[in-house]
Amino acid sequence: MKTLKYIFAILFLSASFISCSGDDENTPVEVSPVEGLNMIYEIPATDHTVQIYSEKQNLEVGYNEISIRIKDLASDKYVTNAAPSWMPMMHMEMMEHSAPHSMLTNTEESTVYKGHIVFQMPSNDTEYWEMMLNYSINGQQKEETLRISVSQPVDGLKKTQVFMGADDTRYILAYVNPKDPKVAINDLQAVLYKMESMMSFPMVENYKITVDPRMPGMGNHSSPNNEDMTYTSATKMYDGKLSLTMTGYWKINLKLMNSNGETLKGEDVTEANPESSLYFELEF
Amino acid sequence: MKAFISVFPLKGMLMGSLLCTMFCGSFMAQLYAQETPVDSLKLIHLNEVVIISAGQQLDHQKQRKPLSTLDEFLESSRSIKMVKRGAYAWEPTMNDMASERLAITIDGMQIFGACTDKMDPITSYVDVSNLSEAEIGSGQQGAAYGNTIGGGINLKLDKSNFKPTGWTGALESAFETNNAMRVFGGELNYSDEKFYFNLDGIYRKADNYKAGGDEEVNFSQFEKYNFSMNSGYKLAEDKSISATLIYDEANDVGYPALTMDVSLARAVIGSVSFNKDTLFGNFSNWESKVYFNTIKHVMDDTKRPNVPIHMDMPGWSETAGFYTQANLNKEKHHFFFKWDGFYNKSYAEMTMYPTNSNEPLMFMLTWPDVRTKDVGFYAEDHLSLEKASLKLSARLAYHSNTVADDFGLNSLKIFYPEMDKTNTRFLKSFSAQYHQMLNNFHIHGGLSYGERAPSVSEGYGFYLFNSFDNHDYIGDPDLNTESSADANLSVTYKKPIFEITAGANYFHVFNYIIGVVDPTLSTMTIGAQGVKIYTNLDYAQLFNASLSGRYSISNAFKLTGSVSYHRGVDDTGENLPLISPLSYRSALDFYKNQFSASLSIDGAGEQTNFNPDYGENKSAAYATLSASFGKRFFLKENDLFLKAGVENILDTNYSTYTDWNNIPRMGRNFYFTVSYSIN
């Protein structure tokens with residue numbers, strides 16, 4: 001009889017254990033759409049606030065993925081029809097210019113407007129960046145201008161290249177992925193813009209960027225199965241493959257070629273020429 | 001247990017087709033020689049047994065150099081050649097095939113080295129102090145120990161095995177002048193019919209050795225010690241349990257042929273076995289064992305000058321396994337069955353320190369935590385016929401490899417994006433050996449087929465630097481199983497005072513695994529010439545032939561000699577690497593009234609069949625002369641045995657085809673051994 005009791009107790013316990021674990025799997029967990037991001041700016045207004053998020057602690061020279069949310073204080077909800085647009089602007093002592101940037105869209109998450117900006121240079125005391133933001137809320141068009149600070153990446157690695165191509169066009173090439181490189185074949189991603197004027201940086205499509213990763217500290221060791229980066233219209237980025245055979249410092253030698261196959265910038269790596277003038281640097 | 005009891009014979013034998021044999025035999029020397037007395041009544045066995053330590057009996061007279069390293073003992077075998085990367089941890093090869101193609105076990109236990117660069121063949125983790133003999137089986141005759149192509153070697157531990165000897169002990173010491181090697185060893189044993197206990201230890205320390213002409217070979221020093229314990233207890237008249245524990249550690253081991261040395265090579269080897277005289281009434285000698293061993297190996301380049309980049313390269317190998325085996329005798333049939341299995345974990349990493357210390361460390365997994373599972377069943381039947389015998393054997397095994405480390409798996413996927421984490425295969429081995437006596441002639445012949453899985457390095461190695469051909473090696477997880485069809489034949493003419501044996505063997509190895517240059521790949525090691533990928537060649541052919549003889553001039557004098565010929569080519573007719581040139585050895589031994597002496601010569605012809613693609617160049621012909629003298633004294637009940645000798649009397653400066661990067665071998669060397677045993 002006593003034994004029976006124990007058996008029942010055990011059965012009961014295990015049953016509840018099993019059902020609990022079942023519950024855990026089935027309950028959808030509410031994940032914040034900005035989970036893992038840092039709110040780097042918040043612009044207060046009378047009836048709403050604008051929140052600006054980045055993966056990084058602050059904005060840096062190079063590619064920055066930025067998320068924006070606008071909260072309607074009256075309803076305590078995030079606005080899904082703000083249709084925001086933005087324009088980064090660098091105020092130098094002698095001139096002003098903008099920076100390559102994408103449009104802001106909320107296709108992934110209706111309350112979060114995402115886009116990216118490639119800052120070409122850091123800000124300092126006398127030369128500073130501003131972000132002009134236009135959006136609508138409750139039928140009213142708003143415009144905010146936010147002074148932002150852009151720093152050099154702390155790792156000091158070159159991940160953004162601003163250069164004059166052989167076609168006398170100025171290009172901006174910025175590294176996007178992998179953010180967390182691995183000893184593996186990594187998905188390599190970059191964005192390419194050209195500078196049409198101080199204010200206009202259109203995206204460049206259908207060029208090709210060759211990829212040749214090297215370890216200068218290891219006699220310029222390279223790796224197999226890399227894939228050159230080509231334009232993907234869906235992401236509006238250049239995608240390729242990057243093989244890294246070990247951790248350490250890597251120099252990703254690049255060559256930019258236009259749609260006719262003409263080299264606009266960069267050189268092949270050979271015995272005599274250990275590096276290309278167009279490259280990214282990685283450490284991990 | 002095994003069938004090795006009788007010692008024997010011939011080694012390698014021949015193979016190929018008869019035709020080939022006859023053809024070659026007509027002008028080629030075959031066979032190996034050596035002093036082993038042949039007991040032919042026991043038929044078959046193409047096996048050889050190298051007596052290593054005669055333990056308590058102090059039977060050192062038979063040995064020219066009693067406290068030499070295990071490597072030297074193995075080298076004295078007719079069938080084994082040792083690849084040398086320095087003065088320590090030589091790698092055994094048999095039929096011109098090395099570790100990956102051999103099954104090498106210690107008392108039946110599978111053990112795998114932890115070094116990606118083969119600096120720790122498992123023979124380096126035991127010492128002569130705890131071994132009694134090495135059982136050697138050529139080709140599939142070694143399949144009892146595991147899956148093999150070239151052969152099997154089992155190093156048998158020295159145990160008292162319930163002999164009623166009571167307390168015994170011995171102290172031994174040796175000194176060698178060339179590298180100032182000091183050896184100290186001792187053992188203590190107790191044995192009666194119910195219980196036995198053996199404890200032994202040995203310590204060796206050597207400085208750099210000098211090649212002929214007083215040329216010091218830097219980084220050839222080593223230091224090692226080894227302890228072992230064996231004990232057994234009789235549970236009943238027909239039942240006993242026994243246990244073994246070995247601890248072996250080497251430090252400060254130089255490898256002059258390599259770019260790195262070793263700061264630690266450590267093995268702990270343990271086993272427990274259960275023995276019963278009978279099983280189910282019909283079976284006899286039932287033995288079961290479970291075992292575990294763990295090896296740590298740490299390479300070290302901190303003492304080398306001009307290192308382009310400093311690196312740490314530790315490796316670990318752990319193996320757990322079991323076997324259970326029994327004999328069954330039915331009339332003319334003598335069956336032997338063995339069921340065995342093991343699980344091995346091999347993990348090795350490399351960390352490089354960049355010259356610019358601001359850069360992060362460079363890290364890679366050179367062995368990605370490969371888990372190997374192997375379960376096999378082996379059976380043989382010895383059929384005794386009139387004046388003849390037939391031995392049939394087979395091994396079937398399930399073998400799988402899994403890459404357990406994701407970092408390592410992703411690393412390999414750089415080369416093999418589609419690779420699977422796990423690879424399984426079924427390995428088969430079959431062999432038939434026939435022995436016929438015709439008056440004074442003994443004819444041995446056999447045909448066999450065997451398969452082996454790629455080694456961890458061949459399947460999963462990641463930028464393993466081979467200093468011999470100066471290439472980085474990368475494994476291929478999708479390699480096909482290597483298989484071999486081989487044939488052997490030998491003929492012995494035997495009289496009481498005279499014996500001569502001619503033998504040859506031929507291996508046709510399908511899917512032969514070897515590194516092939518991939519010119520598209522970039523080297524990792526600074527200074528390397530290129531990258532090789534382990535690849536299956538369609539086939540390779542290996543042929544070994546030997547002629548050996550023994551002549552008892554008188555009761556006291558005995559003359560032995562052997563000469564052997566070897567050839568190995570790949571599927572395009574190119575030479576395979578590490579194939580012996582024509583080699584020979586001869587010895588005159590004297591033994592009378594507890595006094596022993598020997599004079600021996602060892603040599604090889606010029607290596608004409610070499611392959612520069614594998615880093616080989618022509619090794620010149622050489623010959624060395626050695627001598628030894630020994631005397632045994634009885635002090636009351638105890639034995640004192642003294643032995644002295646000189647190797648390479650003429651101080652020849654030479655290197656052989658087995659010497660990695662042609663490092664020269666030891667020059668003139670005097671050695672002295674003292675053994676005192678207390679009975």
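What is the mean pLDDT of chain A, and what percentage of its residues reach 70 or more? The mean is 88, and 89% of the residues of chain A reach 70 or more; pLDDT is the predictor's confidence in each residue, from 0 to 100. This is a predicted model, in which local features need pLDDT of at least 70, side-chain atom pairs count only at pLDDT 80 or more, and totals for chains, interfaces and linings use all residues. Residues are numbered from 1 along each chain as its sequence is written, while chains are lettered from A and ligands numbered from 1 in the order in which they are written.

View 1. Chain A holds one helix and 20 strands. Helices (H or I, at least four residues) and strands (E, at least two) are DSSP runs, numbered from the N terminus. Of the 284 residues in chain A, 37% are buried. Buried means 20 or more other C-beta atoms within 10 Å of the residue's own, with C-beta atoms placed from the backbone; exposed means 12 or fewer, and partly exposed lies in between. Two residues are in contact if their C-beta atoms, placed from the backbone, lie within 7 Å. Among contacts in chain A between residues at least 6 apart in sequence, 53% join residues at least 24 apart.

The mean pLDDT of chain A is 88. Over residues 13-25 of chain A, however, pLDDT is below 50, and this stretch has zero contacts in the model beyond near neighbours in sequence. Where pLDDT is low, the predicted coordinates should not be read in detail.

**View 2. The side of chain B that touches chain A.** Contacts link 22 residues of chain B with 20 residues of chain A. On chain B, β19 (362-385) and α3 (406-413) each supply at least two residues of this side. The largest share, four residues, comes from α3(B). By class, the side has 13 nonpolar residues (Ala, Val, Leu, Ile, Met, Phe, Trp, Tyr, Cys and Pro), seven polar (the others, Gly among them) and two charged (Asp, Glu, Lys and Arg).

**View 3. Strand β4 of chain B.** Five of the five residues of β4(B), residues 102-106, are buried, so this strand is largely enclosed by the rest of the structure. L102(B), I104(B) and I106(B) point one way; A103(B) and T105(B) point the other way.

**View 4. Partners of β4(B).** Two strands pair if DSSP finds at least two bridges between them. β4(B) pairs with β7(B), residues 151-157, in the parallel sense over five bridges. Here L102(B) stands opposite G151(B). With β5(B), residues 109-110, β4(B) pairs in the antiparallel sense over two bridges. I106(B) stands opposite M109(B) in β5(B). β4(B) and β5(B) form a hairpin with two residues between them, and D107(B) in the turn has a positive phi of about 50°.
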